[in-house]
Amino acid sequence: MNAKQLAGNRDFWAGIILVFCLALLLFAVHLRKTFLTPHAQFELFATFNKVDGITEGSLVRLSGTQVGKVTQMELDPYYRIKMTLSFPEMIELPDDTAAIIETDGLVGNKHIELVPGGNDEMLQNGDTIVYTQDVLLLDELLSRFLEWMRLKKGIVGTQAVKGGN
């Protein structure tokens, strides 16, 4: 065997080993995604009128601790948003649990907070959370406050006129 053939063989085998290592790496990534990533074993549904700031992937919390994620959002026939809340493991929640859209701080990220009720019956996989509270937007709150101030001013103004006569 001459030096040229030996160098060609070495390059060939180095290429084969490289392709094998890349294939092994891709297989390991696929294996991790498929088998090691926890899949939702427990799903609940909740329907809201207004969900500004909530998207697929938003956190679901219980007592401030993340227990799941919003995995799907769809519009129902009554133009409400039906959400699928997925959990990696089953959690026991009374069937009168409430799902509330909350904000971290004044203008932080929005998430779903679960507030357990007091019933003895527990929610089962695939059940719907009946008690929900929509997101309260800051501009909506400000608008309500200004409307209340206008009404209050009108009442005070009317009383002042009546008292002066």
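This is a predicted model: local features need pLDDT of at least 70, side-chain atom pairs count only at pLDDT 80 or more; totals for chains, interfaces and linings use all residues.
How many aromatic pairs does the structure hold by the rule applied here? The count comes to 3 aromatic pairs.

- An open sheet is formed by 8 strands, arranged in the order S7-S1-S4-S3-S2-S6-S5-S8, and their pairing is mixed.
- Strand S7 (128-129) and strand S8 (131-133) each have a single partner strand and stand at the edges, so one side of each lacks a neighbour in the sheet.
- Strand S1 (residues 42-48) pairs with strand S4 (residues 81-87) in the antiparallel sense, over 7 bridges.
- Within S4, Lys82 is the bridge partner of Thr47.

**Aromatic rings**

- Of the 3 aromatic pairs, one is formed by Phe12 and Trp13: the ring centres are 5.2 Å apart and the planes stand at 75°, so this pair is edge-to-face.
- Planes over 60 degrees apart count as edge-to-face.
- Phe12 has a relative accessibility of 47% and therefore counts as partly exposed.
- Another ring, that of Phe45, has the charged end of Lys82 sitting over it, 4.7 Å from the ring centre.

**Thr97, a residue in a loop**

- Thr97 belongs to the loop between S4 and strand S5 (98-103).
- Is Thr97 buried or exposed? Its relative accessibility is 0%, so Thr97 counts as buried.
- The side chain of Thr97 reaches the backbone oxygen of Pro94 at a distance of 2.6 Å.
- When neighbours within four places in sequence are left aside, the residues in contact with Thr97 include Leu114, Val115, Pro116 and Gly117.
- Leu123, Ile129 and Tyr131 are also among the contacts of Thr97.

**Salt bridges**

- The count of salt bridges comes to 2.
- One of them joins the side chains of Asp104 and Arg61, at 3.0 Å from N to O.
- Asp104 lies in the loop between S5 and strand S6 (110-115), while Arg61 lies in strand S2 (residues 59-62), so this pair ties together parts that are 43 residues apart in sequence.
- Asp104 is partly exposed because its relative accessibility is 32%, whereas Arg61, at 18%, counts as buried.
- Glu147 also forms a salt bridge, with Arg150, and the closest N and O atoms of the two are 3.3 Å apart.
- Both Glu147 and Arg150 lie in helix H2 (residues 138-164), where they are 3 residues apart, about one turn of the helix.
- Glu147 is partly exposed, with a relative accessible area of 39%, and Arg150 counts as exposed at 55% relative accessibility.

Technical notes:
Residues are numbered from 1 along each chain as its sequence is written. Side-chain values use heavy atoms; hydrogens and water are left out. Two strands pair if DSSP finds at least two bridges between them. Helices (H or I, at least four residues) and strands (E, at least two) are DSSP runs, numbered from the N terminus. Rings of Phe, Tyr and Trp (its six-membered ring) pair if their centres lie within 6.5 Å; planes under 30 degrees apart count as stacked, over 60 as edge-to-face and the rest as tilted. Buried means under 20% relative accessible area, exposed over 50%, partly exposed in between (1.4 Å probe, protein chains only). A charge sits over a ring if NZ of Lys or CZ of Arg is within 6 Å of the ring centre and within 35 degrees of the ring normal. A polar contact is a pair of N or O atoms within 3.5 Å; within protein, one must be able to donate a hydrogen and the other to accept it, and residues adjacent in sequence count only if both atoms are side-chain atoms. Contact means heavy atoms within 4.5 Å. A salt bridge is a side-chain nitrogen of Lys or Arg within 4 Å of a carboxyl oxygen of Asp or Glu.
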